[in-house]
Amino acid sequence: MSSAAPDPDGNDGDDEPAPPMPAGAKNYITPAGHLRLRDELHRLRRVERPQVVEVVAWAAGNGDRSENGDYIYGKRRLREIDRRIRFLIKRLEIAEVVDPSAQKDRERVFFGATVTYLDAREAERTVRIVGVDEVRPELHEVSWVSPVARALLKAREGDMVELRTPGGPETIEVLRIEYRDA
């Protein structure tokens, strides 16, 4: 059994790991999330990568590369950028854009819903259910495959649903369901 060694530049060849999705599941994403990923891809290709290439070329012209911090850091940053570009291209190719504002059944929780619920400790929490590639925890966004989203999916206001947590199952109550624009 052999293992691949990293190349001389330290590149292990691994692409960025994709967030987990159930086998055979579609890669749902909101229009805003799709736009953010496309914008990031554009910025990496057209702005960041050319700037880093320029620095690496300049640093390479300065002689000994073994102790040249600009060269070493630049090459490492190029690998990071290239890895992220490959990841974004793959994810955008398989993305299925779902517009939450087009949801017809607004009485139930589906992809893109903003849901306010009461947890087992009587604390009111609000989450927005989005795609695995667009989650921003600081904005209370959760992936549609996360435990809380899976518990809430298809529920209606007033429903009590079971949330499976590492500490055991908890009952949560759906208080409000909204479908907002991005």
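1. Leaving aside its neighbours within four places in sequence, with which residues is Ile172 in contact? In this predicted model, and taking contact as heavy atoms within 4.5 Å, the partners of Ile172 are Tyr117, Leu118, Asp119, Ala120, Val148, Leu152, Asp159, Met160, Val161 and Leu163.

2. On conventions, residues are numbered from 1 along each chain as its sequence is written, and side-chain values use heavy atoms, with hydrogens and water left out. Local features need pLDDT of at least 70 and side-chain atom pairs count only at pLDDT 80 or more, whereas totals for chains, interfaces and linings use all residues.

3. The largest nonpolar core has 22 residues, of which Val109, Val115, Ile129, Val148, Leu152 and Ile172 touch the most other members. Such a core is a set of buried (under 20% relative accessible area, 1.4 Å probe, protein chains only) Ala, Val, Leu, Ile, Met, Phe, Trp, Tyr and Cys residues joined through side-chain atoms within 4.5 Å.

4. At least two residues of this core come from each of strand 3 (114-118), strand 4 (124-130), helix 3 (147-152), strand 6 (160-165) and strand 7 (168-178), these being DSSP runs numbered from the N terminus (helices H or I, at least four residues; strands E, at least two). Helix 3 supplies the largest share, 4 residues. Apart from this core lies another, of 14 residues, including Leu44, Val52, Ile81 and Ile85.

5. The open sheet of 5 strands has the order 5-4-3-7-6 with mixed pairing, where pairing requires at least two DSSP bridges between two strands. Strand 5 (141-143) and strand 6 are the edge strands. Strands 6 and 7 run antiparallel, joined by 6 bridges, and Glu162 stands opposite Thr171 in strand 7.

Technical notes. Buried means under 20% relative accessible area, exposed over 50%, partly exposed in between (1.4 Å probe, protein chains only).
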